[in-house]
Amino acid sequence: MKPARLTALVLAIGAAFPAAAQSNEDLLKELRALRDRVTELEKKLAAQPAAAPAPQAGQWGMTPEQAQELARIGTKAEALQDNFEAQGFKGLKISGQIDPAWIYNRRADNASFVLLNGEDARYTYDNSYFGMAVLDFLKETEGGTIWHLTLAPERGTGALTNGGSIVHEASVSIPLGDLQNRLWVGQIPDWTGYELTLPDGNKLVTHNLLFDFMAPTAYTGAVYEMSSGKWVAKVGLANVNTPRQGSSHKSPALIYRVDYSKGEFSGFGFTGLHGKTANYAAQDLGQEDAYSAVNLLEADAYFTRGDLSLFGQISYGQQKKAAIYHEDGVLRDARWWGLSTTAAYKITPRLEGVVRADYVYNRKNGGGLFGYSSDDGANGIGRGLTLDADGNAIVAGDPSKGSNRYALTVGGNYLYDENTIFKLEYRYDGASQAVFEDVKDGGYRKNNHLLGASVVVKF
């Protein structure tokens with residue numbers, strides 16, 4: 001019975017699962033075909049050439065000799081950098097400029113090249129901050145301290161205020177907690193108005209009347225400077241136009257400037273000075289080392305967009321007992337105000353045309369401007385003069401009325417290359433009275449003519 005039952009069972013299973021058996025057979029066939037395919041691929045792979053070994057770390061595909069040379073270069077570079085820092089050159093910028101000029105002055109009967117002419121520091125509108133040679137050192141430490149030394153022989157601020165010194169600026173700006181708050185100390189050129197002192201920052205050869213005759217030359221003192229967004233404010237105490245006050249003078253002047261940059265194209269600023277400075281009218285009367293109270297206020301603005309540039313300035317000043325006119329030894333106050341505007345337009349990307357107009361009201365008490373307390377035939381300051389029968393200069397009209405001054409300048413500049421600018425100008429100066437000395441005959445005229453040219457080369 002048992003063999004018969006086993007046979008029946010096998011037959012029953014075979015009848016129940018015919019498809020499964022068939023599937024297993026197909027699977028075996030597929031596995032054999034896959035094995036053959038893998039074998040074929042292995043043979044093809046073995047027949048290909050062996051790949052190059054990966055370069056060792058740090059070689060980046062170089063030969064050992066090249067790797068050694070690279071290491072030597074790196075060592076030398078680090079040594080040079082260490083030596084550069086040890087010598088104090090890190091953060092140091094050296095720049096300079098020179099601007100040989102040529103000036104023709106009709107009333108002075110003069111046409112001459114101008115360069116480094118000291119002339120006992122005589123400052124006139126046809127002999128101011130041009131014809132200079134300037135060397136500038138600027139160093140910033142890692143802590144943010146800025147050290148600034150500018151040398152300008154014969155023509156810098158030191159030549160006018162410090163016995164012919166070649167130092168134009170010597171200052172240090174020290175951060176107070178952060179870079180937005182600073183202590184600025186030393187000899188600092190005046191910051192009044194829209195025109196700069198050095199030639200490369202100005203569009204014309206000469207300066208406007210407000211720059212020449214209504215502003216200080218330099219300060220020696222301490223200034224607190226604060227920056228906040230678009231605002232920059234400076235306020236300090238300083239000697240004005242002298243590195244050291246004389247005996248019995250113990251009070252420095254209050255000075256300040258505030259600037260606001262409205263945006264990329266425009267901004268404005270204003271300055272002030274209040275204190276005692278040298279009174280030349282009193283010194284002319286024999287009062288040695290005389291000082292008197294001065295108040296100066298000024299506002300300026302600019303707009304530059306595309307090819308057009310516009311600049312404007314208004315200034316007011318007064319000095320107690322410093323006017324040109326005095327009678328019986330009684331000194332009077334000097335008071336003045338002035339306007340200046342400049343418009344420039346780029347005719348081409350390199351060529352720019354420039355027009356400047358200036359006006360100074362200076363009639364009160366015979367006239368008198370900041371640092372000018374006597375009749376000045378070279379600059380056209382003071383009262384109208386004429387010659388008497390003996391050829392001596394005398395006041396032609398009311399001695400208590402000074403002359404108002406104006407000037408119109410037209411010219412341009414040409415950017416020859418990145419470092420070279422050519423400038424050319426014609427300037428007409430006029431006055432309400434005959435105040436310009438004509439050296440040909442010794443007489444006085446109401447106007448003067450000037451031609452100026454210069455080339456500014458900087459690095």
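The model is a predicted one, and a search of the whole structure finds 13 salt bridges in it. Among them are a pair within helix H3, Glu 69 with Arg 72, and two pairs that each tie together separate strands, Arg 257 with Asp 300 and Asp 429 with Arg 405.

**Helix H3**

- Helix H3 takes in residues 64-86, and its 23 residues should span 33 Å at 1.5 Å a residue, which agrees with the 33 Å that separates its end C-alpha atoms.
- Just after H3 comes Gly 88, whose phi is positive, at about 85°.
- A salt bridge joins the side chains of Glu 69 and Arg 72, with 2.4 Å from N to O.
- These two residues, Glu 69 and Arg 72, are three residues apart in helix H3 and are therefore separated by about one helical turn.
- An α-helix has 3.6 residues a turn, so residues three or four places apart point the same way.
- Both partners are partly exposed, Glu 69 with a relative accessible area of 36% and Arg 72 with a relative accessible area of 43%.

**Salt bridges between strands**

- Arg 257 and Asp 300 form a salt bridge in which the closest N and O atoms are 3.1 Å apart.
- Because Arg 257 lies in strand S10 (residues 253-261) and Asp 300 lies in strand S12 (residues 291-305), this pair ties together parts of the structure that are 43 residues apart in sequence.
- Arg 257 is buried, with a relative accessible area of 6%, and Asp 300 also counts as buried, at 8% relative accessibility; the cut-off for buried is under 20%.
- A further salt bridge brings together the side chains of Asp 429 and Arg 405, at 3.1 Å from N to O.
- Here Asp 429 belongs to strand S19 (residues 420-431) and Arg 405 to strand S18 (residues 405-417), so the pair ties together parts that are 24 residues apart in sequence.
- Asp 429 and Arg 405 are both buried.
- Salt bridges with shared partners also join Arg 257, Asp 259, Glu 298 and Asp 300 into one network.

**Pairing of strand S1**

- Strand S1 (residues 92-98) runs antiparallel to strand S4 (residues 133-140), and seven bridges join the two.
- In this pairing, Lys 93 stands opposite Leu 138 of S4.
- Strand S1 is also joined by two bridges to strand S22 (residues 447-458), again in an antiparallel arrangement.

How values were computed
Residues are numbered from 1 along each chain as its sequence is written. This is a predicted model: local features need pLDDT of at least 70, side-chain atom pairs count only at pLDDT 80 or more; totals for chains, interfaces and linings use all residues. Side-chain values use heavy atoms; hydrogens and water are left out. Helices (H or I, at least four residues) and strands (E, at least two) are DSSP runs, numbered from the N terminus. The expected span of a helix is 1.5 Å times one less than its number of residues. A salt bridge is a side-chain nitrogen of Lys or Arg within 4 Å of a carboxyl oxygen of Asp or Glu. Buried means under 20% relative accessible area, exposed over 50%, partly exposed in between (1.4 Å probe, protein chains only). Two strands pair if DSSP finds at least two bridges between them.
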